[in-house]
Amino acid sequence: MGHKEKSKDLKEKRLQQISLLRTIPYSDHQRWWSKETVAVVTGGNRGIGFEICRQLAGHGVTVVLTSRDESVGVESAKVLQEGGFTEVACHQLDILDPSSINQFAEWLKENYGGLDILVSF
Ligand SMILES: NC(=O)c1ccc[n+]([C@@H]2O[C@H](COP(=O)([O-])OP(=O)(O)OC[C@H]3O[C@@H](n4cnc5c(N)ncnc54)[C@H](OP(=O)(O)O)[C@@H]3O)[C@@H](O)[C@H]2O)c1
């Protein structure tokens with residue numbers, strides 16, 4: 001099997017594993033989160049960050065999708081909201097900009113009282 005086929009095969013196997021994990025239900029006592037649980041995701045407007053937002057929202061967590069470009073973030077959040085994930089909010093955040101971080105922290109504290117989950121990479 002060539003390199004391309006091998007990596008295609010590996011990707012297919014990973015997708016199957018992930019699909020299997022998604023079918024395993026959580027019982028109530030395992031479910032420590034609720035819609036009161038607030039998750040903040042940086043770079044949530046695209047790529048892995050966006051998919052993490054979708055997955056967290058799908059699990060019933062309140063998601064704050066953050067994006068360097070506010071208008072792009074609003075559009076990304078809209079995709080999730082229109083997909084039925086109404087507990088998705090959006091705010092500007094550039095993790096390299098202290099003033100953006102401070103403004104976001106203030107907003108988060110005022111509107112949600114803080115956060116429970118931070119996804120930042
Ligand atoms: N180790 C691995 O195997 C592996 C595999 C895949 C990905 N990764 C890493 O995982 C990360 C995400 O991957 P991806 O494929 O989702 O990348 P991506 O599609 O390029 O998305 C990166 C996201 O990060 C945001 N971002 C960049 N700088 C930022 C900053 N200063 N403040 C806030 N947000 C910022 C981008 O915002 P803009 O839209 O404004 O640019 C974008 O939303 C990357 O760091 C990548 O290198 C690692």
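Q81 lies in helix 3. Helices (H or I, at least four residues) and strands (E, at least two) are DSSP runs, numbered from the N terminus. This is a predicted model, where local features need pLDDT of at least 70, side-chain atom pairs count only at pLDDT 80 or more, and totals for chains, interfaces and linings use all residues. Residues are numbered from 1 along each chain as its sequence is written.

Reader: Is Q81 buried, partly exposed or exposed, and why?
Author: Happy to start there! A residue is buried if 20 or more other C-beta atoms, placed from the backbone, lie within 10 Å of its own, exposed if 12 or fewer, and partly exposed in between. Because Q81 has 17 C-beta neighbours inside 10 Å, Q81 counts as partly exposed.

Reader: Which residues does Q81 touch, not counting those up to four places away in sequence?
Author: Contact here requires C-beta atoms, placed from the backbone, within 7 Å. R68 is 13 residues from Q81 in sequence and 19 Å from Q81 in space, C-alpha to C-alpha. Leaving out residues up to four places away in sequence, Q81 touches T86 and V88.

Reader: What is the handedness of the crossover from strand 2 to strand 3?
Author: Let's begin with the strands: strand 2 (residues 62-67) and strand 3 (residues 88-92) pair in the parallel sense over 5 bridges, where pairing needs at least two bridges found by DSSP. Between these strands the chain passes through helix 3 (residues 70-82). A crossover is right-handed if, with the strands pointing away from the viewer, the path from the first strand over the helix to the second runs clockwise. This β-α-β crossover is right-handed.

Reader: In what order do the elements of the protein run from the N terminus on?
Author: Good thing to trace on the structure. The protein has 4 helices and 4 strands. From the N terminus on, the order is α-β-α-β-α-β-α-β.

Reader: How many residues of helix 1 are buried?
Author: Helix 1 covers residues 3-23 and reaches 31 Å from first C-alpha to last. In the protein, buried residues make up 26% of the 121 residues. Helix 1 is hardly covered, and the count of buried residues among its 21 residues is 0.

Reader: Which residues are closest to the ligand?
Author: A residue is near a molecule if its C-beta atom, placed from the backbone, lies within 6 Å of it. The ligand is surrounded by 14 residues. The closest are G43, G47, I48, R68 and I95.

Definitions and conventions
The expected span of a helix is 1.5 Å times one less than its number of residues. Two residues are in contact if their C-beta atoms, placed from the backbone, lie within 7 Å.
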